[in-house]
Amino acid sequence: MKNATRNEALRNIAIIAHVDHGKTTLVDHMFRQSGLFRQNQEMTDRIMDSMDLERERGITIAAKNCAVIWNGVKINIIDTPGHADFGGEVERALSMVDGAVLLVDASEGPLPQTRFVLKKTLDRGLPVIVAVNKIDRKDARVEEVLNEIYDLFIDLDASEEQLEFPVLYAIGREGMAKRSLDDESGDLSPLFETILSEIKGPLHDADEPFRMLVSDLGYSDFLGRLAVGRVVSGTAHINQTMVCIDAEGTTKPLRISKLQVYQGPKLTETEAADPGDILVLSGVEDVTIGDTITVAESPKALPRINVDEPTVSMRFAINTSPFVGREGKFVQSAKLRERLYKETLRNVAIKIEETDDKDAFTVKGRGEFQMAIIVETMRREGFEISVGRPEVIYKTEGGVRKEPIEHLFIDTDEAFVGVITEKLSVRKGRMLNLVNHGSGRVRLEFSIPARGLIGYRDEFLTDTKGTGIMNSSFSGYDEYRGDFPSRFTGSIVSDRQGVGVPYALFNLEPRGRLFITQGEPVYEGMIVGEHNRDNDINVNPCKEKKLTNMRASGKDEHVILTPVLPMTLERALHFVREDEMVEVTPLSIRLRKNVLPAKDRHVLDGAKKKTS
């Protein structure tokens, strides 16, 4: 830059943390202590988790912006997701910041999702402030965790400057941070002061015209499409004429109708935008993440946001079951296509591909959890869809087939190490490390194919009696490690349409685990349970007890059915095989065969046996 200057009235930071390490709670207290809210003003907890799904699951899914003012300096805060499946959110969030605060639990230490986001931060050469959170936990091990953080920085090839990171000790729940464990502190002043001293104001060239990189998109019923991004240089004013430069380098004219900046978690209107600030601009309709908005006189594009390649694909199709249209508003393939392409505008890590079937699409992304969130969001919007089992995306390099590999971290009681190791070895997992601190819990590390983890989480929770913690992060591609069975059981499939009858279901219970309850509607080809054996069976769940001359049906038999665990979307996606799909509607989650008529499935099975 010829005339490089810093905007010292601004700081742009990202907050990095693993799931449940206290990031959103800390941001809540930053809001409170910066004077953003009046003393008597009511405010909810976890302000930044604005989506219903985020509040229900207690995680951050989408990167979100907010701003606080401290000693006259505006601090733009970007709340990044802690889950590696939402890596696309992380990459676009980091394109807007000059530094990061790494929040680590004082007991759990740095976990794999922390590693994923931190690597992206260090690769960009950004300075990092480390905050060890929850130091009031009974099982806190502050010194050990700090050593683990240093080891992690070294492992991720941090520079010497990045290794000399400042350390703060925090209790996020109480809104308190201190520079050493012995200090007395009642608020977050040390954190704010460290942000201002360690993270520099955004750099810009005073001679350059206005340029902004679009890092996020929004939509307003009143203003239309909103482009969110950081102003790299220059200033912008309302009603100014600009151009938008897309991926091909094509320029499209636009007129700024409104400028907004963040104040707290909300947006406020402004007349002009300063360099380095995070701006929300309206007046542009055809824009995507990574585009550059600049002046028409000298259009010069900024480097686009680079995103890691997708590792998992899933088939999305319209609902073709006999119950189609009963529970949802949107059932047409045109609506499905429009909604999926809209998702790619907001989410840079998602790719959509057309298939031979005009009513089905292949969606590629980072992980099964990311896919499940998309499906859950769509069903809440009123869509009826059918989705297939998540499948990993293979690569071929030099004639060698390669598959995505995950670095798996497990924290469990000593008693469960045997069953975990046995099951992961069947799924082609290789143990890398085992650490026993002598506290009764063991830390295990595995290198395992991504396909080996699809469907394993539920088994893991059952095997560890719900006490195990399992996390993974993508570690790259490796040679294909061989086949293994995805499921050892078959499906119990309904052979007709009707409703579940207690008498029939009671007599089916010895065959396996049922998914439906009495009175629940079923159709031919719908999966009503998991068979004890490895083959599928067709059954009649609608069969009633026959009347006789001596007594009425059900007179002498009081049927008590085993309670059925409600089917969740994740369980359904883990259960289905290649020839099965999950039917998702706003009210129901059903499992079904791709081919519904039993006769047609029998013909297909026969043809398969002949060819094999």
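I take buried to mean under 20% relative accessible area, exposed over 50%, and partly exposed in between, with a 1.4 Å probe and protein chains only.

**Ground rules.** I am working on a predicted model, where local features need pLDDT of at least 70, side-chain atom pairs count only at pLDDT 80 or more, and totals for chains, interfaces and linings use all residues. Residues are numbered from 1 along each chain as its sequence is written, and side-chain values use heavy atoms, with hydrogens and water left out.

**Cysteines.** I looked up cysteine 542, which counts as buried because its relative accessibility is 17%. Cysteine 244 is buried too, at 1%. My search of the whole structure for disulfides (cysteine sulfur atoms paired within 2.5 Å) found zero.

**Confidence.** I checked pLDDT, the predictor's confidence in each residue from 0 to 100. The chain's mean is 82, and 89% of its residues reach 70 or more.

**Cores.** Next I went for nonpolar cores: buried Ala, Val, Leu, Ile, Met, Phe, Trp, Tyr and Cys residues joined through side-chain atoms within 4.5 Å. The largest has 39 residues, and Leu102, Leu118, Val130, Val132, Ile149 and Phe153 touch the most other members. A second, separate core holds 30 residues, including Ile352, Ile385, Leu569 and Val584.

**Leu118.** Which residues does leucine 118 touch, not counting those up to four places away in sequence? With contact as heavy atoms within 4.5 Å, I list Ile16, Leu102, Val128, Leu152, Phe153 and Leu156.
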